[in-house]
Amino acid sequence: MADATLLLTAVEQGDPHAAEKLLDLVYDELRKLATSKMARETPGQTLQPTELVHEAWLRLVGSASPKFENRAHFFSAAAEAMRRILIDRARRKLTQRHGGGFERVDLEEGQDVAAPGADGQLLAVHEVLDKLAKEHPVQAEVVKLRYFVGMTNEETAKALGISLTTTKSYWTFARTWLLHEIEHS
């Protein structure tokens, strides 16, 4: 990943070709993450993984001289971009629907919460995630990468530069914390 670090520095310094080279280097990984995330979405989604990657990429490097400190920071920014795209789409769909009943949805590993469908669950997690980030920033990053991007525990640990055991612990804590906040809000 040393090449990516060099390219991230070049992007930050405004090299016009560095962003394209960086995309070539990380595209397959971003596409895999988007495919994983979209596979867990409700059937009938119109957003395709390629579209999610391209929209996220435009948000990441579309601004003048984006700054990425390292690989972890880059993937965290990619996760945040994907999160924002998915949230925007969920809000638009819920606004268009004007209602819809509640159903039981699964946050993972047998823990479920009442939420208005998958879009409602996505929005519910989004709403409390900022609060989690203020109190437990690394755990919130784990949620972004696991829930909004679809990374595995192993991929999340690698992206954040923390151990697999710590990642699993943070994920368990964050899921419990989020469910508690959602149920009591």
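Trainee: Which residues in α7 are buried?
Mentor: Asn-153, Thr-156, Ala-157 and Ala-159 are buried in α7, where buried means under 20% relative accessible area with a 1.4 Å probe, protein chains only. The helices are DSSP runs of H or I, at least four residues, numbered from the N terminus.
Trainee: Where do they sit around the axis of α7?
Mentor: Seen down that axis, the buried residues of α7 fall within an arc of 165°, so they line one face of the helix. The arc is that of the directions from the helix axis to the C-beta atoms.
Trainee: What about the model itself?
Mentor: It is predicted, so local features need pLDDT of at least 70 and side-chain atom pairs pLDDT 80 or more, while totals for chains, interfaces and linings use all residues. Residues are numbered from 1 along each chain as its sequence is written, and side-chain values use heavy atoms, without hydrogens and water.
Trainee: At what angle do α7 and α8 pack?
Mentor: About 110°, with the axes of α7 (residues 153-160) and α8 (residues 164-183) 9 Å apart. That makes α7 roughly perpendicular to α8, a term for angles of 65 to 115 degrees. Axes are lines fitted to C-alpha atoms over the stretch in contact, and angles run from 0 to 180 degrees between N-to-C directions.
Trainee: Which residues meet there?
Mentor: Asn-153, Glu-154, Thr-156 and Ala-157 in α7 meet Leu-164, Thr-167, Lys-168 and Trp-171 in α8, with contact meaning heavy atoms within 4.5 Å.
Trainee: And just after α7, what phi does Gly-161 take?
Mentor: Gly-161 has a positive phi of about 70°.

How values were computed
Helices (H or I, at least four residues) and strands (E, at least two) are DSSP runs, numbered from the N terminus. Angles under 35 degrees count as roughly parallel, over 145 as roughly antiparallel, 65 to 115 as roughly perpendicular and the rest as oblique. Buried means under 20% relative accessible area, exposed over 50%, partly exposed in between (1.4 Å probe, protein chains only).
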